[in-house]
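Notebook open, structure loaded. I'm going to look up a few things one by one and jot down what turns up.

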Amino acid sequence: MNKKIRTEAVDHLFEAILCLRDKEECYAFFEDVCTVNEILSLSQRYEVARMLREHRTYLDIAEQTGASTATISRVNRSLNYGNDGYDMVMERLKGDCG
């Protein structure tokens with residue numbers, strides 16, 4: 001199934017996220033918008049991406065994050081063939097964002 005991501009509703013969501021000013025506002029907004037499991041899944045994927053960029057092994061990543069090898073593989077595929085979103089954010093965190 002090919003779902004179109006660029007919709008007016010998604011634009012509205014991203015505009016709302018871009019209005020958040022600090023970590024506490026992020027917690028308040030995301031706790032209202034997402035379930036706890038959705039937030040934890042997103043954070044797990046980001047941790048997997050970060051660890052893959054540190055050249056950690058799948059076994060180490062799975063043990064540290066609890067992610068399945070399927071999730072690790074999917075994140076790795078995004079890192080290698082995706083839109084470079086993970087790398088963009090990680091690079092910014094090294095600079096003025098971190």
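Entry 1, a helix pair. I started with H3 and helix H4 (residues 58–65), whose axes come within 10 Å and cross at roughly 145°. For the record, helices here are DSSP runs (H or I, at least four residues; strands are E, at least two), numbered from the N terminus. The axes are lines fitted to C-alpha atoms, for helices over the stretch in contact, with angles from 0 to 180 degrees between N-to-C directions. On the H3 side I noted Gln44, Glu47, Val48, Met51 and Leu52, and on the H4 side Tyr58, Asp60, Ile61, Gln64 and Thr65. Contact means heavy atoms within 4.5 Å.

A note on the ground rules. This is a predicted model, so local features need pLDDT of at least 70 and side-chain atom pairs count only at pLDDT 80 or more, while totals for chains, interfaces and linings use all residues. Residues are numbered from 1 along each chain as its sequence is written, and side-chain values use heavy atoms, with hydrogens and water left out.

Which residues make up the largest nonpolar core? I wrote down Val48, Ala49, Met51, Leu52, Ile61, Ala67, Ile72, Val75, Leu79 and Met90, 10 residues in all. Such a core is a set of buried Ala, Val, Leu, Ile, Met, Phe, Trp, Tyr and Cys residues joined through side-chain atoms within 4.5 Å. Buried means under 20% relative accessible area, exposed over 50%, and partly exposed in between (1.4 Å probe, protein chains only). H3 and H5 are the elements that give two or more residues to this core, and H3 has the largest share, with four. Leaving out residues up to four places away in sequence, I found valine 75 touching Arg45, Val48, Ala49, Leu52 and Tyr86.

Threonine 71 is in helix H5 (residues 69–81). Is this residue buried or exposed? Threonine 71 is buried, at a relative accessible area of 12%.

My search of the whole structure gave two aromatic pairs. Phenylalanine 29 and phenylalanine 30 are edge-to-face, 5.5 Å centre to centre with 85° between the planes. Tyrosine 46 and tyrosine 86 are tilted, at 6.5 Å and 35°. Rings of Phe, Tyr and Trp (its six-membered ring) pair if their centres lie within 6.5 Å; planes under 30 degrees apart are stacked, over 60 edge-to-face, and the rest tilted. Tyrosine 46 lies in helix H3 (residues 36–53) and tyrosine 86 in helix H6 (residues 85–94), so their pair ties together parts 40 residues apart in sequence.

I found zero disulfides, a disulfide being a pair of cysteine sulfur atoms within 2.5 Å. For cysteine 34 the nearest cysteine sulfur, that of cysteine 26, is 11 Å away. Cysteine 34 counts as buried at 18% relative accessibility, and cysteine 26 as partly exposed at 30%.

Histidine 55, in the loop between H3 and H4, has a phi near 65° and counts as exposed at 72% relative accessibility. Aspartate 84 sits in the loop between H5 and H6, with a positive phi of about 65°.
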